[in-house]
Structures are given as C-alpha cells and as structure tokens.
Amino acid sequence: MGRRLMVRARARTRVTAANRPQRGVLAWDRGWRREARAAWCWGVALGGVLAVADLARGSLDWPRAGCWTALAAVLVAVLRPARVTAGDGWLAARGLLRERRVRTDLLTLVRRADGVAPRLVLRDVGGGRVELDPRVLRSNPLLWHELDAGARRARERGLLREGAAVLEAVGEGVDGQTVRAILRASGLG
C-alpha cells in the first residue's frame with residue numbers, strides 16, 4: 001500500500017530544470033571546484049580587507065559594511081567560472097543564473113573569440129549557444145572527447161559549415177598537453 005502511494009506521488013511531481021537529475025553526464029570540468037573556491041576566497045578577502053581598513057579608520061558602519069559586502073559579491077560573480085559538463089551529444093555551461101546547452105551532434109558554427117580572455121563559441125541548429133574557455137577543454141580531455149565526437153557527427157551530416165579549423169587547432173592543443181602529461185608521468189619529460 002505504501003509503495004503504491006509513493007509511486008503516485010512521484011507521478012504527480014513535475015520535473016523542472018531545478019530538480020532534474022544530472023543523468024547522462026559523462027564528462028565535467030575537474031578544475032571547476034578549485035577555481036570556484038578561489039573566486040570565493042578572493043571575494044571574501046577583498047571584503048575583509050576593506051572592512052578591516054574601514055574599522056581601523058573608525059568609520060565602519062552598517063551602510064559601508066553593506067557596500068563592502070556587495071563589492072565582494074560582485075568580485076565573486078565576476079571571477080566564478082562557468083561549470084562545463086558534457087554528455088552524449090550535448091555540452092552545457094552553467095553560469096550564475098542559467099545553464100546554456102548546445103547539441104554537439106547538431107553544431108553549425110564553432111568560432112574562436114580572441115580578446116582579454118579567449119573564448120570558444122559553439123552554436124547548434126536549434127539556436128543553442130555556449131561560450132567556454134578553451135583551457136577547460138585542454139585540461140579535461142574527456143570534455144574534449146565528447147565535443148569532438150559530436151562535432152564529427154555534425155560534420156558527417158553536413159551541418160558544421162564554419163569552425164572545423166578551430167576545432168582542429170583546439171584538438172592539437174589538447175593532444176599535445178595530454179602527451180606531455182603522459183611523458184611527465186612516465187618520467188621521460
């Protein structure tokens with residue numbers, strides 16, 4: 001009797017993006033926790049230093065403490081990296097407010113946006129768009145493998161019209177870094 005009620009209760013709950021389980025995740029950014037922790041540390045350190053300096057001057061009050069806290073929160077928001085995950089045929093980057101997802105087997109465009117922080121821009125047939133740091137792919141060969149496998153399927157279907165050279169350059173960087181890591185681990189490098 002109790003089991004039937006639990007099945008009915010599960011059937012009535014709606015699956016939303018917030019409570020959806022992370023099924024099908026085959027690869028993720030292994031350095032994300034470290035970078036997110038560093039962002040929090042820098043934010044807390046900035047807020048603490050500003051509050052202590054204000055306290056030493058004798059001018060720390062609630063509005064100023066709130067201002068320093070808000071400034072520290074902005075620094076955390078700016079420094080916190082996107083969490084990149086990948087599965088069979090998809091790649092997602094989750095920022096502070098939302099997750100952006102692209103179907104790698106339906107890619108139409110891969111572009112490298114150079115600037116202060118180089119970015120890799122991926123677009124698919126359905127209009128999905130993801131921007132990520134190419135260093136994430138270089139430091140996580142499993143993420144690269146999932147992206148490359150999907151991009152190969154898109155190329156075979158004739159969908160990927162722009163960006164094959166960009167993917168090839170990123171792939172060479174990933175392969176070179178992987179070979180260097182293997183040589184270092186074996187004592188040859």
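The report below takes these topics in turn.

## Overall make-up

The structure is a predicted model, and its chain contains six helices and seven strands. Followed along the sequence, these elements come in the pattern α-β-α-α-β-β-β-β-β-β-α-α-α.

Of the 189 residues in the chain, 29% are buried, and the accessible surface amounts to about 12800 Å², with 58% of that area belonging to carbon and sulfur atoms. Among the contacts in the chain with a separation of 6 or more, 55% are accounted for by residues 24 or more positions apart.

## The four-stranded sheet

An open sheet is formed by four strands in the order E1-E2-E3-E4, and the pairing is antiparallel. Its edges are strand E1 (25–28) and strand E4 (99–103), each of which pairs on one side only. On average, and with direction ignored, neighbouring strands of this sheet are turned by 25 degrees against each other.

Strand E3, which covers residues 90–94, runs antiparallel to E4 and is joined to E4 by five bridges. Within this part of the sheet, Ala92 stands opposite Arg101 in E4.

## Helices H2 and H3

Helix H2 (residues 32–57) packs against helix H3 (residues 62–79) at an angle of about 160 degrees, and their axes are 8 Å apart. Since angles over 145 degrees count as roughly antiparallel, H2 and H3 are therefore roughly antiparallel to each other. Their crossing is right-handed.

On the H2 side, the residues that meet H3 are Ala39, Trp40, Trp42, Gly43, Leu46, Gly47, Leu50, Ala51, Asp54 and Arg57. Their counterparts in H3 are Arg64, Trp68, Leu71, Ala72, Leu75, Val76 and Leu79.

## Helices H5 and H6

Helix H5 (residues 141–157) and helix H6 (residues 164–186) pack with their axes 11 Å apart, at an angle of about 150 degrees. That angle makes H5 roughly antiparallel to H6, and H5 passes H6 in a left-handed crossing.

H5 contributes Pro141, Trp144, Leu147, Ala151 and Arg155 to the contact, while H6 contributes Ala164, Leu167, Val170, Gly171, Val174 and Thr178.

## Two loop residues

Thr104 is found in the loop between E4 and strand E5 (107–113). Because its relative accessibility is 0%, Thr104 counts as buried. When residues up to four places away in sequence are not counted, Thr104 touches Gly89, Trp90 and Leu91, as well as Glu146, Leu147, Gly150, Ala151 and Ala154. Two of these, Leu147 and Ala151, also belong to the H5 side of the contact with H6.

Asp88 lies in the loop between strand E2 (83–87) and E3. With a relative accessible area of 58%, Asp88 is exposed, whereas Thr104 is buried. Leaving aside neighbours within four places in sequence, Asp88 is in contact with Gly24, Leu26, Glu146 and Arg153; of these, Glu146 is also touched by Thr104. The C-alpha atom of Asp88 is separated by 9.1 Å from that of Arg103, a residue 15 residues apart from Asp88 along the chain.

Conventions. Residues numbered from 1 in each chain as written. Predicted model: local features only at pLDDT ≥ 70, side-chain atom pairs only at ≥ 80, totals over all residues. Heavy atoms only, no water. Pairing = 2+ DSSP bridges. Axes fitted to C-alpha atoms, helices over the stretch in contact; angles between N-to-C directions. Buried < 20%, exposed > 50% of the residue type's maximum accessible area, 1.4 Å probe, protein only. Contact = heavy atoms within 4.5 Å. Areas by Shrake-Rupley, 256 points an atom, 1.4 Å probe, with all protein chains shown as cover. Parallel < 35°, antiparallel > 145°, perpendicular 65-115°, else oblique. Left-handed = near helix turned anticlockwise from the far one by under 90°.
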